[in-house]
Amino acid sequence: MGIDLGWRLRGRCEPPVTRASRAGLVVRWPLAYRQPNANGFVGTLFQGFTELAKVERAEITQPWDNIVVFELRHGAVFHRIAIDYADATDLNAACADSVPLIFKFQYLREGYGRSNVLPGGFVTRPFLHCHYCRLRELRDDSGIDVYGRFGLRFAAELRSKAVRLLSSQDRFDYDGGTFSYGGAGTGMLTYTHHLRRAARAKVCVDLPGNGPFCYRLVDYLGTGSCVVAVRHTTRLHVDLIGGEQVAWCKDDLSDLVDLCARYVEDHDARKAMQDNAARFFDENLHYRSLAAHYLAAAIETFDFDVG
């Protein structure tokens with residue numbers, strides 16, 4: 001716990017450089033969410049908006065579960081925008097029919113046939129954004145070859161199979177397994193401990209959670225890790241490229257061990273993947289970069305004339 005506290009007390013990393021705030025642009029953010037868990041998904045985006053534009057808090061009706069509605073105003077013109085943070089990939093049709101723009105986290109690769117529904121990227125906890133650059137300094141220094149710890153609340157069959165495959169081989173050291181939820185004695189790690197182990201590992205394994213995207217993916221990209229993952233059925237607002245920012249394994253996991261072994265053994269290929277992952281996070285998934293993308297996409301959609 002002392003190490004965790006020490007990390008939390010350390011200063012923030014400098015955010016990536018993004019375009020300065022847009023003249024005359026106002027984000028009107030709801031005073032209250034429909035569901036208490038919403039802040040865990042949109043809180044970092046809100047922080048990004050406060051750094052890039054003028055923000056006002058207002059009473060804004062929140063009609064739908066797992067969706068936050070805010071407004072973007074330029075002069076006398078304003079539009080409602082929805083952020084669908086649900087783990088489900090299906091589209092809330094009532095919302096899509098009611099607002100001119102939706103950013104959806106779990107956005108299907110094939111899309112939804114609606115021009116007002118855009119990929120919303122994905123998020124993770126604020127701690128990563130505070131310390132990602134320091135976590136990258138830990139790269140490859142612990143002797144951990146492959147890291148991946150998974151709860152069995154979601155995607156239990158796939159996660160259990162992956163852990164069996166990784167645990168039963170003798171080609172590399174595997175740090176991980178499965179855990180249950182419920183506090184002490186369950187095998188869970190604190191979040192800072194999880195991030196430190198991921199940052200020190202040569203390869204990190206990403207698997208689906210309740211939805212195709214899981215917070216681990218953003219964690220691993222943020223720490224500049226070499227990621228081996230089952231290809232997601234969803235997409236981010238900027239596509240991950242196999243062999244560049246992530247290595248895709250087969251859906252049946254038949255090449256999971258081989259891929260992990262390849263990147264454990266090939267220092268140059270691993271380093272290129274790590275560097276690309278870190279760059280992808282900085283440019284696209286850091287909260288400030290993601291908020292800048294939302295504003296730019298909205299400005300283009302609504303044809304706001306801003307400086």
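How many aromatic pairs does the count come to? In this predicted model the count comes to 14 aromatic pairs, where rings of Phe, Tyr and Trp (its six-membered ring) pair if their centres lie within 6.5 Å.

**View 1. Phe105 and Phe122 form an edge-to-face pair.** Their ring centres are 5.7 Å apart with 65 degrees between the planes; planes over 60 degrees apart count as edge-to-face, those under 30 as stacked and the rest as tilted. Phe105 lies in the loop between strands S5 (101–104) and S6 (107–108) and Phe122 in the loop between strand S7 (117–119) and H4, so the pair ties together parts that are 17 residues apart in sequence. Phe105 is buried at 0% relative accessible area and Phe122 is buried at 5%, buried meaning under 20% (1.4 Å probe, protein chains only).

**View 2. Phe302 and Phe304 form a tilted pair.** The ring centres lie 5.8 Å apart and the planes stand at 50 degrees, and both residues are buried.

**View 3. Ring pairs link six named residues into a cluster: Trp29, Phe46, Phe49, Phe70, Phe103 and Tyr294.**

**View 4. Helices H4 (residues 126–136) and H6 (residues 191–200) are in contact, with heavy atoms within 4.5 Å.** Phe127, Leu128 and Leu135 of H4 meet Tyr191, Thr192, Leu195, Arg196 and Ala199 of H6. Helices are DSSP runs (H or I) of at least four residues, and strands are runs (E) of at least two, numbered from the N terminus.

Residues are numbered from 1 along each chain as its sequence is written.

Conventions: This is a predicted model: local features need pLDDT of at least 70, side-chain atom pairs count only at pLDDT 80 or more; totals for chains, interfaces and linings use all residues. Side-chain values use heavy atoms; hydrogens and water are left out. Axes are lines fitted to C-alpha atoms, for helices over the stretch in contact, and angles run from 0 to 180 degrees between N-to-C directions. Buried means under 20% relative accessible area, exposed over 50%, partly exposed in between (1.4 Å probe, protein chains only).
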